[in-house]
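Reader: Could you walk me through how to read sheets, helix packing and ligand contacts in a model like this one? I would like the general idea each time, and then the case at hand.

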Amino acid sequence: MKKTTTSALALLAAASLLAGCSGGREGEGEESKGAESSSSEAAENEGDGDGEAAGEGFEEGSFIGIALPQKTSENWVLAESLFKDGLDEAGYEYDVQFANGGVSEQQNQIQSMVTKGAKVIVVGAIDGSQLGTQLEAAKDAGAYVIAYDRLVKNTDAVDYYIAYDNYQVGQLQGQALLDGLAERRGDQDTWNIELIAGSPDDANSQVFFDGAMDILQPKIDDGTLVVQSGQTTFQQVSTQGWKAENAQKRMDTIMSSTYTDKELDGILSPNDTLARAAMVSVAAAGKDTPVVTGQDSEVESVKSILEGEQYSTINKDTTNLVHETIGMINTLQKGEEVQVNDSESYDNGVKVVPAYLLEPQIVTAENAKESYKDDKVLGPVVAEY
Ligand code: BGC
């Protein structure tokens, strides 16, 4: 089931390797310009959509595998039921599996989806660079592979990437931190902040961090923001397994070593679970709530935002993402052309993965009610405020 684009993409990948591109988003690690231009290109392309050459299609009602990571945030839990409902409705056979046991469990699950004859395997990778062997097997067996939310790295055995624009998520978080500091602590000339990043094995974590630092680094460089702990590299600030207790432990140590005689004004947090953990730590140290960012629109965090505690979150509506993913599966089933809106930014180290990106939205107390009013889960929550 080789598609005609394969050779063109292989050429592109080879060209980018020759040009010395490393894995990850184009522009990563460069000045903001590269990233901004790829973001705006994605936006420009949205709607008119580059088409990917059509494949041969496969039988209706075929078996589809959905391999999800651990339940590290509410969006993954929600994705499970949305995939089941959506695939049921479209008449497919399917398996939707979490790999709470870690990478080897996810590898085994994908292998068994291949054995069961999956026509499409959708992967939310725990570790995006450890699935090469299983995904090669999937391709050899004629399946399509879609990387969902997290890019799959260092393999050409991935056909498409579908996600919210995660670099933009990071930029929105960085900007929200600055806005929140100006709003809540505007009487100061400088602000003390700390940085938290996600799990180093999740391909998204570095992308969120780079997006945020694109906004924050100039303010650190000019002295407006001061990271009192001195911990500013991704390695220093990452949170193994996206676990709340790991972020909380690190913040506890920072609070007792660095902030006994100082105020902490802001925390860059990559998601809501870690935001709430960091806030617990600051409260336990007897300090005022700092400006804290987040992501995922988790119920507790949305309440906290409306109560004036957590400053922001990101709305990356899982319903839309799953809906678009099932749309992509249907397109592949019919052998039609898959629409993507970014054919150049997602170099995974081996190939540039054609991507369909959705636009994330920043949410603060100001727009929370409006942003979630039609959301099945959050609509009733925001209506209470
Ligand atoms: C997702 C985030 C989520 C995190 C932890 C990331 O890959 O993009 O939305 O907060 O995983 O589950």
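Author: Gladly! Let us start with a strand pair: strand 6 (residues 144–148) and strand 7 (residues 160–164) run parallel and are joined by three bridges. Please keep in mind that this is a predicted model, where local features need pLDDT of at least 70 and side-chain atom pairs count only at pLDDT 80 or more, while totals for chains, interfaces and linings use all residues. Residues are numbered from 1 along each chain as its sequence is written, and side-chain values use heavy atoms, leaving out hydrogens and water.

Reader: When do two strands count as paired, and which residue is the bridge partner of Ile146 in strand 7?

Author: Pairing requires at least two DSSP bridges between the strands; strands themselves are DSSP runs of E with at least two residues, helices are runs of H or I with at least four, and both are numbered from the N terminus. Here Ile146 has Tyr160 as its bridge partner in strand 7.

Reader: In what order do the six strands of the open sheet come, and which strands stand at the edges?

Author: The order is 4-3-5-6-7-15, with parallel pairing. Strand 4 (93–98) and strand 15 (355–358) each have a single partner strand, so one side of each lacks a neighbour in the sheet. On average, neighbouring strands are turned by 15° against each other, direction ignored.

Reader: How should I read a helix packing angle, and what is the angle between helix 4 and helix 5?

Author: Axes are lines fitted to C-alpha atoms, for helices over the stretch in contact, and angles run from 0 to 180 degrees between N-to-C directions. Under 35 degrees counts as roughly parallel, over 145 as roughly antiparallel, 65 to 115 as roughly perpendicular, and the rest as oblique. Helix 4 (residues 103–115) and helix 5 (residues 132–140) pack at about 10°, their axes 9 Å apart, which means that helix 4 is roughly parallel to helix 5. With contact meaning heavy atoms within 4.5 Å, Gln107, Ile110, Gln111 and Val114 of helix 4 meet Gln134, Leu135, Ala137 and Ala138 of helix 5. Helix 5 also lies across strand 5 and strand 6, at about 140° to strand 6.

Reader: Which residues come nearest to the ligand?

Author: A residue is near if one of its heavy atoms lies within 4 Å. Of the 14 residues around the ligand, Thr72, Ser73, Arg150, Asp202 and Asp296 come nearest. For polar contacts to the ligand, look for N or O pairs within 3.5 Å: a polar side-chain atom of Ser73 is 2.6 Å from a ligand oxygen atom, and one of Asn204 is 3.0 Å from a ligand oxygen atom.

Methods
A polar contact is a pair of N or O atoms within 3.5 Å; within protein, one must be able to donate a hydrogen and the other to accept it, and residues adjacent in sequence count only if both atoms are side-chain atoms.
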